Amino acid sequence: MTGALWELFFKGVWITVQLMVYSAALAAAVAFGVGMARTSRLRVVRFLSGAYVEIFRGTSALVLMFWLFFALPLLGWQLAGLWAGTLALGLSYGAYGSEVVRGALAAVAPAQREAAVALSFTPWQRMRKVLLPQAFPEMMPPFTNLLVELLKGTALASLLSIGELTFEAKLARLSTGESAQVYGIILVLYFVIAFVVTRIMRLVERRAKASVGKAPEPSGGLFSRTPAAAGTAAPAAGGGKP
Amino acid sequence: MNTWSWGYVGDILPDLLKGLGVTVEATVLGSLVSFALGLVWALALRSPSRWVTWPVGAVVEFVRNTPLLVQLFFLFFVLPSWGLTFSPLVTGVIGLGLHYSTYTAEVYRAGIDGVPAGQWEAAVALNLPRRRTWTAVILPQALRRVVPALGNYVIAMFKDTPMLAAITVGDMLFQANTIGATTFDYMEPITVVGALFIVISYPTSLLLRALERRLVR
């Protein structure tokens with residue numbers, strides 16, 4: 001492995017991280033928007049948001065990405081590869097995330113909602129001041145899992161020839177022919193990114209729990225298996241990862 | 001600007017359905033591999049010896065936290081150089097099975113943990129050997145409650161099979177790309193593929209929800 005190859009890999013890591021951050025931001029916006037819409041009083045809003053979730057969870061993220069990249073231009077919108085990737089990942093992982101938001105909102109003690117009604121909060125005040133702050137810490141472990149899934153999903157963007165890590169690996173393989181070494185190294189790089197991401201999310205989770213006066217999970221140290229891993233154990237029916 | 005043509009959809013549908021056959025084949029075989037391998041991981045992780053649990057745990061964590069697509073490339077390009085030459089489909093099935101086994105292992109773990117402690121104690125009281133305890137007492141009860149969760153991973157795997165197109169398996173997405181590359185019209189093929197995924201995975205997930213209500217109480 002020469003220095004030039006490492007430079008290629010680190011450029012790839014940088015694009016991968018960018019892609020992950022952009023899609024995660026979009027996914028979070030979609031998740032909160034759609035997740036809250038699913039608790040709406042209006043039947044039509046609930047129906048539309050439910051349809052969104054089933055459609056985007058029902059299809060494959062890769063097919064969606066190809067659709068945005070190859071089919072959408074035929075309707076007159078040409079997306080740059082990075083944006084097609086961001087949009088596909090954000091929209092589909094947002095649909096998974098909205099289920100997390102909906103579940104966490106539903107898990108807030110009913111008395112809290114009733115108290116907010118009794119205080120004649122508007123629905124929006126109730127959501128913003130009572131339900132969301134309490135639901136938020138509960139969302140963190142499944143969000144952590146989803147973020148790792150999203151990171152793994154960014155590899156799909158290499159098939160649109162976006163110069164992220166997997167794509168750079170392909171170039172490196174073509175120029176050196178050292179398949180085992182090249183793919184071995186980038187698997188480790190992905191693992192390192194995932195490791196860093198989960199540790200950061202664990203910190204966020206601790207702070208979120210502390211902010212509503214809950215004791216954080218006892219920390220098992222930096223290398224403990226994630227408490228979040230328990231969340232992957234038994235996903236709710238619905239045909240999705242976490 | 002082009003418009004949607006049902007005639008074109010009719011022309012390409014046979015090829016896409018052929019791809020669907022490959023997609024389903026990969027999903028079924030991949031699921032079987034992941035069910036078997038996942039159980040192996042789950043049982044190994046309960047071993048009393050650290051020399052077993054630590055390496056197995058590390059492998060499972062590593063495979064779960066790295067992208068399936070890269071694992072597929074690894075298998076596709078590296079296995080032949082180790083003298084193991086498989087067809088792309090078999091390579092894809094190994095990749096899918098290995099990747100999802102790290103998820104099913106977690107499902108089995110939860111299922112086994114869910115068996116009440118009294119069952120273990122009863123097995124000890126009856127002086128059942130270790131093997132009988134597992135095969136006659138614990139696993140039958142654990143497996144019953146993991147079926148819906150395993151089913152969810154089958155659906156997730158089904159939606160990940162388009163990645164096999166990247167290692168030249170002739171699945172639905174591969175067929176759609178081939179068609180698109182010759183006609184320069186990707187709209188119908190890719191839309192139909194996306195729709196087929198929804199048409200299959202949504203009813204299946206409803207079915208699993210019903211099954212979950214029956215099996216898990």
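Predicted model: local features only at pLDDT ≥ 70, side-chain atom pairs only at ≥ 80, totals over all residues.

Residues are numbered from 1 along each chain as its sequence is written, while chains are lettered from A and ligands numbered from 1 in the order in which they are written.

Now the helix pair. Helices are DSSP runs of H or I with at least four residues, strands are runs of E with at least two, and both are numbered from the N terminus.

On the α6(A) side, the residues that meet α8(A) include A:Phe136, A:Met140, A:Phe143 and A:Leu147. On the α8(A) side, they include A:Ile193, A:Val197, A:Met201 and A:Glu205. Contact means that C-beta atoms, placed from the backbone, lie within 7 Å. By class, the residues of this contact between α6(A) and α8(A) are 14 nonpolar, 2 polar and 2 charged. Ala, Val, Leu, Ile, Met, Phe, Trp, Tyr, Cys and Pro count as nonpolar, Asp, Glu, Lys and Arg as charged, and the others, Gly among them, as polar.

Next, the interface. Chain A puts 39 residues in contact with 47 residues of chain B. Elements giving two or more residues to the chain A side are α2 (43-58), α3 (61-71), α6 (123-153), α7 (165-176) and α8 (179-211). Of these, α8(A) gives the most, with 8 residues. The chain A side divides into 25 nonpolar, 10 polar and 4 charged residues.

One residue to look at there is A:Gly58, in helix α2 of chain A. Is A:Gly58 buried or exposed? It counts as buried because it has 25 C-beta neighbours inside 10 Å; the cut-off for buried is 20 or more other C-beta atoms within 10 Å, with 12 or fewer for exposed and partly exposed in between. Beyond neighbours within four places in sequence, A:Gly58 is in contact with B:Phe197, B:Ile198, B:Ser201 and B:Tyr202.

Then α7(A). This helix has 12 residues and reaches 16 Å from first C-alpha to last, close to the 16 Å expected at 1.5 Å a residue, where the expected span is 1.5 Å times one less than the number of residues. Its buried residues include A:Leu165, A:Phe167 and A:Lys170. Their cover comes from both chains, including α1 (3-37) and α8 of chain A and α3 (68-78) of chain B. After α7(A) comes A:Gly177, with a positive phi near 75°.

Last, chain B. Its secondary structure is 8 helices and 0 strands, and 44% of its 217 residues are buried. The C-alpha atoms of chain B fill a box of roughly 75 × 45 × 25 Å along the principal axes. An unreviewed UniProt entry annotates residues 20-208 of chain B as "domain: ABC transmembrane type-1"; that span is 80% helix.

Conventions:
Contact = placed C-beta atoms within 7 Å. UniProt positions renumbered as here; feature names shortened; annotations may be inferred.
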